[in-house]
Amino acid sequence: PAWLRRLCGQLLSERLLRPNGVQAVVRGIMEGTGGEQAGDAGAEAAAVDWRKCDAVAKILASCPQQCLSLEDYYKLVCPQILDLLHIQDKLTGRQFQRVATTTLLTMAKEHPQLAEKHLLQPLLAPLLRCSET
């Protein structure tokens, strides 16, 4: 029903905008995927994993209605997206990196200036510092 979809969207948006909210949402959605399996079952699980990563990335790249502005949303969420690249656990880290890179690409396509400011510049800052010296 529409009321349930709105309520779930509102709760999801509120969680995303909290500290570590992006990681909590990604963990909640991705939990239980990516198990190491052999043969056709492994290939099917990998395809499901990729589809889930893409779906999560679309969610993260979309500014919720509750947010005052797209700029505010990017300010809150982009540092959290970059943090996904630093997860140490091998399996979880791989999933989180997929979500982060797909989200980055989606945001860069949809809002290039904001993505450059809040994702690409912070991501490339260490490289730029090294090249300036």
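**Contacts first.** I call two residues in contact when heavy atoms lie within 4.5 Å. I am working on a predicted model, where local features need pLDDT of at least 70 and side-chain atom pairs count only at pLDDT 80 or more, while totals for chains, interfaces and linings use all residues. Residues are numbered from 1 along each chain as its sequence is written, and side-chain values use heavy atoms, with hydrogens and water left out.

**Ser 13.** I started with Ser 13, which sits in helix α1 (helices are DSSP runs of H or I with at least four residues, strands runs of E with at least two, numbered from the N terminus). Leaving out residues up to four places away in sequence, I find Ser 13 touching Pro 64 and Gln 66. Is Ser 13 buried or exposed? Ser 13 is buried, because its relative accessible area is 9% (buried is under 20%, exposed over 50%, partly exposed in between, with a 1.4 Å probe and protein chains only).

**Gln 66.** Next I went across to the partner. Gln 66 belongs to the loop between α3 and α4. I have Gln 66 down as partly exposed, because its relative accessibility is 39%. Beyond four places in sequence, Gln 66 touches Gln 10 as well as Ser 13.

**Pocket.** Which residues line the largest pocket? I noted Arg 6, Gly 9, Gln 10, Leu 12, Ser 13, Leu 16, Ile 59, Ser 62, Cys 63, Pro 64, Gln 65 and Gln 66. A pocket here is an open set of points on a 1 Å grid where a 1.4 Å probe fits, with protein on both sides within 12 Å along at least five of seven lines; lining residues have an atom within 4 Å of a point. Helix α1 (residues 2-16) supplies the largest share of the lining, six residues. By class I get five nonpolar, six polar and one charged, with Gly among the polar ones and Cys and Pro among the nonpolar. The space inside comes to about 220 Å³, taken as what is filled by probe spheres set on the points.

**Asn 20.** Which non-glycine residue has a positive phi of about 60°? I found Asn 20 there. Asn 20 lies in the loop between α1 and α2 (21-30). I log Asn 20 as exposed, because its relative accessibility is 54%. Setting aside neighbours within four places, Asn 20 contacts Arg 15 and Gln 80. From Asn 20 to Leu 76 I read 10.0 Å, C-alpha to C-alpha, for residues 56 apart in sequence.

**Whole chain.** I then stepped back. The chain has six helices and zero strands. Of its 133 residues, 33% count as buried. Taking contacts between residues at least 6 apart in sequence, I see 66% joining residues at least 24 apart. The accessible surface is about 8400 Å², and carbon and sulfur atoms hold 58% of that (Shrake-Rupley method, 1.4 Å probe).

**Core.** I looked up the largest nonpolar core and got 26 residues, with Val 22, Val 26, Met 107 and Leu 119 having the most contacts inside it. Two or more residues each come from α2, α3 (39-61), α4 (70-83), α5 (90-110) and α6 (112-132). Helix α4 gives the most to this core, six residues. A core of this kind is a set of buried Ala, Val, Leu, Ile, Met, Phe, Trp, Tyr and Cys joined through side-chain atoms within 4.5 Å. I checked Val 26: beyond four places in sequence, Val 26 contacts Val 56, Leu 60, Leu 84, Phe 96 and Val 99.

**Trp 50.** Last entry, helix α3, where I find Trp 50. Trp 50 is partly exposed, because its relative accessibility is 40%.
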